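The exercises below ask you to read a structure step by step. Try each task before you turn to its solution.

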Amino acid sequence: MIHWISWMRFIAAFFIVLLHVAVFAQINSTEQSFAWWTSFCYSGIGRWGVPVFIMISGALLLTSDNTLKTKEFYYKRANRILIPICFWTIFYLLFNINFNFTKLNSGTIKEMVINTLAGRPYYHMWFMFVLAILYLFAPFIKRLVDTMNKQQITRFLYLSLGLMLINFFLSWFIYGSVGSFISESISYVPYFILGYYLFKYHIADEFSQTTVISTIGISYVIMILAGAIIQHYKGAGTAYYVFAPCSFTALIFSIYVFILFGKLKFFQRKNEFISNSNNLLLGIYLIHPAVIKLLNTILVEASSYSVIWKVPIETIVVFIISYLAVWGMSKLPLLKHTI
């Protein structure tokens, strides 16, 4: 077990919860208000979580010879991801009926079918569908990167990441759509290989700690400022471009967060709680949006309180509830394979 990766997984899961809590608070705030912009800033802090999870998958799978044992690899990954996808897709379709649709009719059924086919039975589930496609192609990508040296992979990443950024920019501002999870999966292949590259060639050793931390701070500030400018000139909703995983700002932010975990000595230490919790993180990712929705339904009055302290406190509460729920599920034979 690589301790700094265990730490990075755990903290990334927490920050993804922070992101979704902040976005929920933002949606329920008056646009351009203090609460709206505070939630916007909070959500930016957690934007590195999903890209880093994809990079971790690439780092571990593309450096392992077990990935080349195709039959064994597919069997293990199918059990790990297809069962959760099926279970949580059904769960969130039923959850939507109970909490997000006022009534069930042909229109809402059509919407649910379309969202599911697009890989979004609920807003966070796209990641699971994308991950399934990446796993499907992992043995072939492994064979590809094994034939290339560091210089060749560097050039490949410049090219593929550049195309990813251009495609997403055009999709966001010109085409008006990012497509299905299948097209999205192709966009995340560069991230998958990037994780392998950063891990295999110890890229963290090429940067000073001061440089890494400064770059993270600067890229975050640029994200917020760029988001504010885009929001001002392009209108409501467009500011989220700077936070999207396939944007330039999120790419730089995520790369240097990944590097930071590989550099700091603190994260090289083994922690039993963190190590043992890693098996629960996928389940926490899957269940936490339902916890957020339920918590805000029950505590409806909380929306009137100061978002400055509401978002971090609610994040901690949601994370703890999700952790305990998944831990309980892991002890039940019929549910442990769903997380």
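**Exercise 1: two helices in contact**

Helix H4 (residues 70–99) and helix H12 (residues 281–298) pack with their axes 11 Å apart, at an angle of about 5°. Describe how H4 and H12 are oriented to each other, and state which residues make the contact.

*Solution.* Begin with the source: this is a predicted model, in which local features need pLDDT of at least 70 and side-chain atom pairs count only at pLDDT 80 or more, while totals for chains, interfaces and linings use all residues. Residues are numbered from 1 along each chain as its sequence is written, and side-chain values use heavy atoms, with hydrogens and water left out.

Helices (H or I, at least four residues) and strands (E, at least two) are DSSP runs, numbered from the N terminus. Axes are lines fitted to C-alpha atoms, for helices over the stretch in contact, and angles run from 0 to 180 degrees between N-to-C directions. Angles under 35 degrees count as roughly parallel, over 145 as roughly antiparallel, 65 to 115 as roughly perpendicular and the rest as oblique, and H4 and H12 are therefore roughly parallel to each other.

For the contact (heavy atoms within 4.5 Å), H4 supplies Arg80, Pro84, Trp88, Phe91, Tyr92, Phe95 and Phe99, and H12 supplies Leu282, Leu286, Ile287, His288, Pro289, Ala290, Lys293 and Leu294.

**Exercise 2: aromatic pairs**

Describe the ring pair of Trp37 and Phe40, and decide whether each of these residues is buried or exposed to some degree.

*Solution.* A pair of aromatic rings is described by the distance of the centres and the angle of the planes. Rings of Phe, Tyr and Trp (its six-membered ring) pair if their centres lie within 6.5 Å, and planes under 30 degrees apart count as stacked, over 60 as edge-to-face and the rest as tilted.

The structure holds 38 aromatic pairs. One of them joins Trp37 and Phe40, whose centres are 5.2 Å apart with 80° between the planes, and this pair is edge-to-face. Both residues lie in helix H2 (residues 34–45), three residues apart, about one turn of the helix.

Buried means under 20% relative accessible area, exposed over 50%, and partly exposed in between (1.4 Å probe, protein chains only). Trp37, at 22%, is partly exposed, whereas Phe40, at 0%, is buried.

Phe87 and Trp88 form another edge-to-face pair, 5.1 Å centre to centre and with 85° between the planes. Here Phe87 is partly exposed at 29%, while Trp88 is buried at 1%.
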